[in-house]
Each structure stands twice: as structure tokens, then as C-alpha cells.
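Trainee: I would like to learn how to read an interface and the backbone of a model. Could you take me through them step by step?

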Amino acid sequence: MAKTGRLGRARHMCLAAAAAAFLGLSSATALAQTAGGDLVVVQSSNPPSLDAMVTSSQASRNITMNIYEPLFGFSEKIQPIPILAESVEISADGKSYRIPLRQGVKFHNGKEMTAEDVKASLDRYVKHGATQSMLKPVEKIEITGPNEVTLTLKEATPTFLEAFASPRAPAVIIPAEEASKGPNEIEFIGTGPYKFVEYVPDSHVKLARFEDYSANEAFEGIDGFGGKKTAYLDTVTFRVIPEPGAAVAALETGEVQLLEQLPVPTARRLASNENIEIYENMPWAFLTFIFNMKEAPGDNPKFREAVQVALNNEEVMAIATEGLFQLYHGWMYEGSTYDAGDVGKEYYNLADADRAKALLKEAGYNNEPFSILTDSTIPEHGKAAVVIGEQLKAVGINAVINQVDWPTALNIRLQDQGWNGWTLMMGIEPYLGPAALISTLTGEAPHFRANDEQLDALYKELIATDSVEGRKAVFAEIQKRLYAFFGVIKVGETGLMQAARADVKGFKPFRFPRVYDVWIEKE
Amino acid sequence: MIGFLARRLLSALPVLFVVSLVSFVIIAIVPGDVTAEIAGSDSTEAQRAEIRERLGLDRPMVEQAVRWYGRLLQGDLGQSYLLNKSVTEAVLERLPITLSLAAIALVLAVMLGVLLGILAAIKHDSWLDQGSMSIALFGLSIPDFWFALILISVFAVGLGWLPTGGYVPASESLIGWARSMTLPALALAITQMGVVARMTRSSMLEVMSQDYIRTARAKGMRRHTVIFKHALRNALVPIVTVVGVMTGVLLGGAVVIESVFSLPGVGRLIIGAIQRRDYPIIQGGLLITAATFVFVNILVDLAYGWLDPRVRDGR
Amino acid sequence: MAVEANADNAAILRQEIARARRRGWMLFGRRLARHRSFQVGFALFFVIVLLAVFADLIAPYDPNKNDYRSLLAPPSMAHWFGTDGFGRDIMSRVIHGTRVSLGIGISVVVMTGILGVFLGMLAGYVRWLDNVLMRIMDGLMAFPGVLLAIALAAALGPSTMNAVIALTITFTPRTARVVRSSVLVIRELPYVEAAMAVGAGHARIIFRYILANALSPLIVQLTFVFAVSILAEAILSFLGVGPPPPAPSLGNIIAEGRNYLQDASWIAFFPGIAIAAAVLGLNLMGDGLRDVTDPRLAAERGAG
């Protein structure tokens with residue numbers, strides 16, 4: 001595999017992609033793929049929408065990323081790569097992005113993708129996209145050729161392409177006539193290797209192989225969200241089974257072939273089952289505890305510090321993740337590009353009750369209720385809240401759990417009152433890098449409600465810095481600041497267990513279950 | 001008969017009015033907000049405001065109520081926020097699953113219940129009587145969703161005979177459908193089986209102590225003939241009266257059982273809608289389920305009136 | 001009971017009635033004590049009540065004590081019922097769970113009793129209100145099973161208080177109906193007519209004559225409301241709209257256990273047994289009460 005150095009920097013994308021095509025000695029042909037069959041993938045919740053750009057829900061992304069494609073997406077190594085774009089050419093002043101499109105790409109309705117479709121889709125994203133801030137730097141979107149669009153930015157934004165490639169609520173390309181429709185009103189037509197067949201909520205979403213799929217020949221295999229994709233399976237069924245037990249039993253009997261997630265104890269038990277392959281993804285997400293800095297007692301930094309030192313992170317993580325976790329204080333994964341080393345380590349996983357009590361005294365804490373908001377939908381959230389609650393009670397904090405369902409929690413945490421702490425797993429943000437992570441803590445609606453001015457300033461500096469080295473230095477400052485005002489606590493890092501029947505071949509775990517380049521081996 | 005039907009239908013109107021009012025009021029007291037779910041967790045306030053406006057959620061409650069009734073009278077239950085289809089469509093396409101689950105459970109409950117009841121009655125005061133009644137009482141006392149979990153543990157996880165959940169439409173595979181419905185129906189039937197068994201027993205005992213049965217036996221009719229031709233037939237009449245109530249309990253129970261077994265019925269639709277704040281689905285789902293129940297009760301009354309003319313003429 | 005209506009005899013009449021009632025209660029009590037299923041039910045329920053009341057003394061561990069070193073431990077000498085995904089002792093949680101369940105059950109019974117009596121009396125006594133009230137009750141009863149309670153509890157938000165409110169609203173209509181129908185019968189009885197004739201006030205008639213006589217069907221009904229509330233609370237908790245965690249409600253424990261049916265089936269098993277025991281006890285007691293107070297009703301056992 002000639003992945004190394006394929007697309008280190010966005011600017012060299014065009015060149016590198018060509019080089020990759022040259023260097024690519026096929027690795028895929030080593031295994032004999034068999035076409036056909038139906039793959040049943042299980043996930044625990046309904047996709048709230050299959051209109052990919054209007055939702056940032058993972059349950060949607062799992063499916064839509066097999067149906068639609070964006071112009072750019074992330075590679076396996078989290079670098080932006082062209083998917084429907086041919087390449088990108090950035091002007092010297094960093095303000096103009098000329099994007100030639102891949103030619104001959106067909107939509108599921110048989111029509112060929114044109115620059116009109118791309119412009120219409122991006123215009124729709126500006127209006128309805130769930131993470132429309134990613135297109136905020138864009139001043140205008142123009143068609144500059146039959147197969148070319150040009151984005152003009154208001155000012156040079158070095159991190160634009162990374163943001164634009166974000167899969168959170170991907171800026172996918174749909175036919176122009178669909179793009180004129182409102183959110184959730186479109187026909188689900190994309191350019192991906194699988195096309196939409198039917199959606200029966202609470203039951204399943206069915207996809208079928210798109211026979212006219214235009215594979216990206218610039219790559220020799222799949223790479224992250226892009227690459228050369230091949231659909232082997234006739235159909236793919238995403239079945240919704242909320243109860244993990246039922247899902248696991250279905251996998252054991254062979255009724256279904258792939259579990260998007262399964263409980264850790266079950267995974268351990270199944271490890272010895274030769275019909276089942278377990279895929280462990282570690283690390284997968286941060287588990288965090290966020291304060292409401294606008295409401296007492298969490299408005300007091302001393303109080304927040306008391307919580308930070310009181311926490312026994314190991315206990316929280318061990319229970320919340322059922323044992324699949326690692327402890328790390330850093331706000332980027334250990335050893336990753338932006339890892340800031342030991343900054344803040346002295347505050348992590350202390351479980352120091354005496355110090356916490358002293359800090360509470362200093363904070364003038366007077367047994368005010370401390371309401372921990374959490375939800376029952378994501379088990380890690382609810383469990384972490386319960387354990388944190390018990391730990392805080394032990395140091396004399398009057399902690400109460402407010403467990404609601406996920407949409408209610410999302411709504412409550414957007415208000416300045418009615419909650420004090422909130423448990424949240426951040427899956428995609430740390431994966432996308434410092435800017436994506438810190439953007440949730442700054443700006444108009446930071447997770448902790450009140451803005452921390454220093455952090456806001458550091459974030460602006462971060463996205464304006466043009467070099468990786470420069471950004472690393474800024475990020476170290478950010479981590480230092482996070483461990484100075486304690487608006488959010490990083491509890492630990494969780495993993496994700498996935499499982500498939502042993503006859504499912506070619507599956508490579510990623511941020512969503514890629515059902516292309518997967519086949520079912522026949523006996 | 002027509003007059004009776006008309007009277008029953010007419011008397012259902014105020015009930016349906018209260019049902020629709022309750023369905024509306026429940027939504028009015030719901031905290032939380034559908035917009036965060038539609039727009040995604042990182043949506044901006046402006047985006048959410050736009051969605052609120054589009055869906056009419058920013059209007060005063062009274063106006064929303066007026067709109068709700070206005071549409072209701074035209075038979076329009078509105079559009080689901082999230083499912084991309086009308087509420088009527090969404091509910092009606094799931095109603096057959098819930099109804100068939102409740103119907104199978106009803107048949108199971110009546111069959112098993114009557115069997116236990118007869119056993120208990122003809123072997124009155126024996127160990128069979130006590131055994132049957134203990135089973136019945138146990139059935140009445142255990143939580144059906146818990147029983148469902150036990151069934152899954154034993155028959156699906158342990159023995160692997162039946163699927164742990166999920167639904168196979170009958171159009172796809174009749175056997176698959178039957179397999180997917182067996183455990184849910186059994187779990188749902190257990191409580192009502194207890195009810196039927198106890199009723200059958202006591203009414204059998206009552207009927208069997210009556211003069212004409214004793215006369216029949218005295219005249220030398222065979223015990224079996226007496227029991228099955230005379231006693232049972234009369235003993236079953238009271239059971240018909242509770243079929244309406246039982247249907248209600250089963251429809252309600254189906255809500256929980258559906259979510260245990262991942263069956264895409266109305267119950268799961270409503271519970272999912274509650275979690276997703278899909279107000280129109282909650283309203284419409286509650287309304288249609290209740291209306292179905294009212295309608296079933298009318299049917300039961302009709303059946304009963306047909307069995308017993310005094311009911312339809314008198315009252 | 002043949003009584004002559006005479007204003008002068010009012011005092012004697014009252015004494016007579018009081019004596020008759022006392023005799024009635026004693027007879028009732030004696031018959032109840034001899035009733036087999038009542039005995040069994042009472043014993044069973046009494047054990048559950050003891051567990052609930054003395055949970056702190058009986059439970060071997062703190063029901064909310066987490067222990068990440070013994071997650072999902074199977075039943076053993078240290079943990080008779082095993083531990084859950086938090087390492088909490090299931091036995092202690094079940095014992096404390098009976099307290100939560102009985103607490104909710106008794107609250108629902110009291111509130112349903114008060115509301116049911118009030119509405120039932122109103123409907124039975126104030127004729128012009130009857131129709132309106134009963135149509136509203138019919139409307140509430142048209143929601144099958146606990147669907148109304150689930151929707152209400154979800155709408156109000158998960159909490160113990162809201163679960164009680166939701167269940168009270170769900171079970172009040174049936175109770176009100178029972179009270180109303182006994183009021184309708186009782187108000188036609190000769191001695192009540194007599195009391196009316198001697199000019200007793202409404203309050204007096206209601207409390208002294210009607211309520212006192214509607215009491216036995218009400219008690220039977222409330223016994224079953226108690227049983228059904230315990231079951232319904234479990235359903236609400238199971239669906240996540242009951243008392244919030246870490247409250248050890250029996251439904252919560254089952255809901256937790258549902259995720260571990262394959263790997264730790266003991267979690268869901270034991271709380272279910274506890275619910276069944278409590279409900280069985282109440283059902284048996286209810287049967288006994290019904291047999292003793294009104295054998296004719298026995299045919300409809302459990303249907304309420």
C-alpha cells in the first residue's frame with residue numbers, strides 16, 4: 001500500500017493523488033472477493049434523517065456515508081483527500097479554491113454529476129447544513145467551468161479544507177433538483193457505491209449496490225472516507241435493534257452479520273467464538289464532564305477545581321466503558337500530532353478527597369444541589385454520571401442525577417439554567433483535530449455556556465496559524481488553559497467494540513461502518 | 001341492531017373527544033425540544049428557531065390546539081417531523097403488527113386460559129385445580145416484560161430455538177413471521193391467560209352446580225358431553241364480555257413487549273416518538289390506538305348483543 | 001335491614017347501625033383471617049413490607065456503592081444475587097427496590113383512593129355531573145393499558161413524583177367507577193333514604209352512610225390498584241421514565257439487566273421475582289377480601 005505521504009498537505013493533493021495511482025500495486029487482489037449476498041448491519045438507533053447534510057447524528061452517518069459522497073473527506077490518516085473533487089488548487093493569497101470535479105460520476109438516478117449539482121448542494125448546505133459554520137469563511141461559490149467550481153473565501157483560512165472535509169454532517173453532493181428542497185424533503189440520491197432502497201423506521205434501512213458506480217481510479221483501494229470503492233454485496237440492510245442483548249443473539253445465530261457496537265463483556269465472551277470476529281477500536285472517543293459555568297455552584301472555578309481533584313477517573317471509566325478505556329489527561333490522543341505532553345497531568349485522576357474538601361471550603365460551597373445532566377440513550381453517559389455523582393457525594397457535594405433522553409439533554413444543555421454538569425462523549429471532535437474540538441468550547445455557544453476569553457483568543461490564534469508547528473504550540477497553551485479554569489474535565493478515553501461474522505471479509509473498522517469493499521465469503 | 005350500532009357509535013364520540021384533548025394536552029406539557037434532534041446537536045439557535053417557525057411550534061398553545069382540531073376534523077393528523085411521512089400513514093402501516101400481536105396473544109390467552117380453567121373446574125379441589133390456579137395466579141402477578149426477558153434467555157439465548165427479536169413480515173416468510181411472533185405473543189398472553197383461567201373456572205363451577213346440568217347428568221348423559229356441550233358453552237359467555245377489556249390490556253402491553261422484542265409496531269413508534277419529540281406521531285399514535293380500542297369495544301358489544309338479545313334491546 | 005323512619009328514633013337508629021356495622025366488621029375480620037389465600041397473600045406481602053421498611057438493616061451493602069473491581073460478578077457467598085455493571089450488590093438493590101416500589105404503590109393507592117372517592121361520590125351523588133365526569137373517565141380509560149401512564153410520565157419527565165402522578169391519573173377512572181356504582185346502589189337503600197328523610201345533611205349522608213358502605217368494594221379495588229401500580233412502576237422504570245438512576249427501583253434493575261441477558265442474567269432475574277412476590281401477595285389478599293365482602297364479584301377477578 002502506497003499510503004505514506006499520499007496527501008500530507010492539501011496543496012499537493014493533485015500531484016500526490018497521481019503519484020499514488022502510479023505507485024499503487026494492488027493489494028486488494030490478494031484476496032478473492034465474492035460478489036453478491038445481503039449484509040445485515042445492526043445499529044442501536046434509528047437514523048434521525050437520511051438527508052446527510054442536515055444531521056450530525058452518527059446513526060445517520062453510519063448509513064449515509066455509504067450512499068452519498070462529499071467533494072473532500074478524510075483519509076485513514078485524517079488528512080483531507082479529494083473524493084468527488086479531482087483535486088484542489090489554492091491561490092497564493094489562500095483565498096481562492098479552484099476545484100475541478102471528477103468527470104463521468106453518475107448519481108443513483110442515472111444522471112451525470114455537473115458543476116451545477118455541486119453548487120446547488122453547497123448552497124443548500126449553507127442554508128440547511130447541520131454544521132454550516134464550516135462554510136462560514138466562504139464568500140461565494142461559483143461555477144467556473146462545466147466541471148469545476150471555485151470557492152472564494154473572505155480571508156485566508158488555513159484550516160478551511162480540514163473543516164470542509166469534516167464528516168460530522170458532511171457537505172455531500174446531491175442532484176441540483178433535490179438540492180432545492182427543504183431539510184428531510186429530498187429523495188435520497190447520491191453518488192456512492194450503494195443506493196437507497198427503503199427506510200422502515202424502527203426496523204431497517206435497505207441499500208442496494210449501485211451498478212453504475214463511478215469508482216475513483218486515482219486510488220487503488222479504500223482510504224478513509226474516500227478512495228477507490230467497490231460494492232460487492234447485492235444489498236445491505238441496516239437493522240435497528242436498540243437492545244444490545246438482542247443484537248448480540250442475532251449475531252450469534254447468524255441472523256445478522258455485523259454489529260456496529262456491542263457491549264464489552266459480550267465482546268470478551270465472544271472472543272473465543274470462531275464464527276465471530278471481534279474488532280476493537282481504541283481509542284474511539286473522549287468521555288468528558290462539562291460544567292455549566294453560568295450557574296452556581298459551577299460558576300466558581302474553585303468549585304470546579306474541587307470536582308476535578310475529587311474525581312477517581314479510573315473508577316468512572318472502568319464502569320462507564322465496562323473496562324474498555326485508557327486514562328490520559330491530554331486533550332489530543334497520546335502520540336498524535338498535537339499531543340501536548342504532560343501539560344495538566346498533575347490534575348488528572350487524583351481522587352483526592354481531602355484536597356477537594358478544602359477547595360470546596362475555599363469556594364464557599366454550601367451544599368447547593370449540583371444537578372448532573374445525562375441521558376439514557378448512550379449508556380456511557382448515564383453510567384459515568386451515576387459514578388461521578390456518587391464520588392461527588394462522597395466529598396460532600398449535593399449531587400443529583402437528572403437522566404433524560406438524548407434530545408431532551410441536548411435541549412437542556414443549551415440553556416443557561418437547569419443543569420450544572422453534563423456527561424458527553426466526544427467521538428468525532430478529537431478525531432478531527434484541535435480546531436474541531438476547541439470550536440465546541442468557544443464562540444457563540446460554548447458547551448459550558450459562558451465564554452472563557454482566553455480560550456476564545458487561543459482558538460482564534462489556532463485557526464489563523466498556518467504551520468503545524470505553530471498550531472502545536474498554540475494547542476499546548478490551550479491545554480494549559482483548560483487545566484486552569486476547569487470548564488470541562490476530560491475523564492478518559494473509551495474504545496468501541498464491533499463484531500462481525502467470520503465469513504464477512506474485508507471489513508476495516510472506521511468512523512462509520514464501510515459496507516463497500518466488504519464481501520461475504522461463501523463456503 | 002342498526003339502532004344499537006348507531007347508539008354505540010354516538011356514545012363513542014365524547015370519549016373520542018376526551019381522547020383527542022388528552023393527546024393534545026400531553027404534548028403541551030412535554031419539556032424538551034424537537035428542533036435539537038432535527039437540526040443536530042451542534043445546531044445554532046437561529047437554525048432551531050427557523051425549524052420551530054416552520055413547524056408552527058412558536059405559536060401560542062391555543063393556536064396550536066385550534067390547528068390540531070382543524071386538521072383532525074379533516075382526518076389529517078399532520079406530518080411526522082422526522083419520518084418524512086404523514087402520521088396517519090406512519091401509524092397505520094404499523095398498526096397491523098400491533099393488532100396481530102394483540103390478536104395472537106388474545107387467542108393464546110383464551111385457549112390456554114380456558115384449558116386451565118376447565119381442568120381446574122372438572123377436577124375441582126384436586127391438585128390439578130390448585131396447580132392450574134397457581135399457574136393462573138402466577139401469570140397474573142409477574143411483569144410481562146420480565147417474563148419476556150426470561151423467555152428470551154431460555155428459548156432464544158439458551159436453546160436458540162427462536163429469534164431474540166426483530167420482525168419478519170408475513171409476506172416475506174410465513175414461517176419467519178410465526179417465529180418472530182411466538183415469544184412476544186406468549187409473553188403478552190401470560191397475564192390475560194391468568195384472568196381467563198380464573199374466570200372460566202368460577203363460571204364453570206357455577207354452571208355445573210345448576211339444575212339443568214345436574215338433570216342432564218342424572219338423565220345419564222356422559223360427563224364429557226355435559227361438560228363440553230352445556231357447561232362450557234354457558235361458561236364462555238362471561239369471557240366474551242371481558243374480551244374488550246382484555247384487548248385494551250393487550251394493546252397497552254404490546255407497547256412494552258414490542259420494545260423488548262424490537263417489533264416495529266405502534267407501541268414502539270410512540271415510544272420512539274416520545275424519545276425523539278416527534279409530537280405529531282405521539283398525538284396521532286395515542287389517538288389512533290385509543291380509537292382502535294374504542295372501536296374494538298363496540299365490536300365486542302355488538303357480538304355480545306348478538307349472543308344475548310337482552311343487552312341490545314334493554315339497557 | 002328494615003328500619004323505621006322516625007325523627008325521634010334517630011339516636012337509637014344511629015346506635016343500631018353502629019352496632020350492626022361493628023358486628024359486620026368483626027365478622028368480616030374473622031372470615032378474612034380464615035381465608036386461605038388471604039393468609040398466604042398476607043404472609044407474602046408482609047415479608048416484602050418488612051424488607052422495604054427495614055431495608056437499611058437487612059441489605060448487606062449500600063445499594064448505590066460502586067465497585068469497579070467486581071463488575072458483573074455472578075452470585076456468590078459475598079453477593080448472593082451477584083453484582084451489576086457498576087459492581088453494586090443486586091441483593092441490596094432488590095431489597096431497597098421493594099421500598100421504592102411499595103412507596104410508589106402506596107402513594108398511588110392513597111392518591112387514587114382520595115381522587116377516586118371524590119370523583120366517584122360526585123358522579124354518583126350529584127346527578128347532573130355524572131354524565132360529564134363519566135365521559136371524561138371513559139376517555140381516560142380509552143387509552144389501552146399503561147399507555148397513558150407511559151405517555152404522561154414521559155411528558156412530565158422521569159421522576160418518582162411524576163411516576164406517581166401518571167399512575168394516579170391512569171388508575172383513578174376505574175376507582176371512581178367502582179365508587180360511583182356502589183354509591184348508586186347505596187343511595188337507594190332504605191336506611192339511606194331514611195337518613196335523607198330525617199333531614200341529615202349531605203356531608204353526613206356521604207361520610208356516615210354512603211362512604212362507609214362503599215368502603216369494602218373500594219378496599220378490594222385499591223388492593224388491585226396497589227398490585228397494578230407495582231407492575232406499572234416497573235414498566236415505567238424499564239422504559240426509562242420512572243425514578244431516575246441510581247435509584248434502585250425494581251424496574252430500573254431489570255432495565256439494567258436487560259442489556260446483560262447473555263452475560264449476567266442474574267441481574268434481571270431477581271428483581272422480577274421480588275415484583276412477582278409483592279404482586280402475588282397483593283392479588284391473593286385482594287382475592288380474599290373480595291370473596292369475603294362480595295362473593296359475586298369473584299367471577300371478575302383480576303379483570304380490573
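This is a predicted model: local features need pLDDT of at least 70, side-chain atom pairs count only at pLDDT 80 or more; totals for chains, interfaces and linings use all residues.

Trainee: How many residues of chain A are in contact with chain B, and what is the area buried between them?

Mentor: In this model 34 residues of chain A are in contact with 32 residues of chain B, and the area buried between the two chains is about 2800 Å², with carbon and sulfur atoms giving 43% of that area. On the side of chain A that touches chain B, β12 (235–240), α6 (244–253) and α12 (406–412) each supply at least two residues, and the largest share, four residues, comes from α12(A). By class, that side has 16 nonpolar, ten polar and eight charged residues.

Trainee: How many salt bridges are there between chain A and chain B?

Mentor: The count is zero salt bridges between chain A and chain B.

Trainee: What should I keep in mind when I turn to the backbone?

Mentor: Most peptide bonds are trans, and most residues other than glycine have a negative phi. Here, the peptide bond from M282(A) to P283(A) is cis, with omega near -5 degrees, and P283(A) is placed in strand β14 (residues 276–291) of chain A.

Trainee: Where is D517(A) found, and is D517(A) buried or exposed?

Mentor: D517(A), whose phi is positive and near 60 degrees, sits in the loop between β20 (504–505) and β21 (519–520) of chain A; D517(A) counts as buried because its relative accessibility is 13%, and the cut-off for buried is under 20%.

Technical notes. Residues are numbered from 1 along each chain as its sequence is written. Chains are lettered from A and ligands numbered from 1 in the order in which they are written. Side-chain values use heavy atoms; hydrogens and water are left out. Contact means heavy atoms within 4.5 Å. Buried area is the accessible area (1.4 Å probe) that two parts lose on being put together, summed over both. A salt bridge is a side-chain nitrogen of Lys or Arg within 4 Å of a carboxyl oxygen of Asp or Glu. Ala, Val, Leu, Ile, Met, Phe, Trp, Tyr, Cys and Pro count as nonpolar, Asp, Glu, Lys and Arg as charged, and the others, Gly among them, as polar. Buried means under 20% relative accessible area, exposed over 50%, partly exposed in between (1.4 Å probe, protein chains only).
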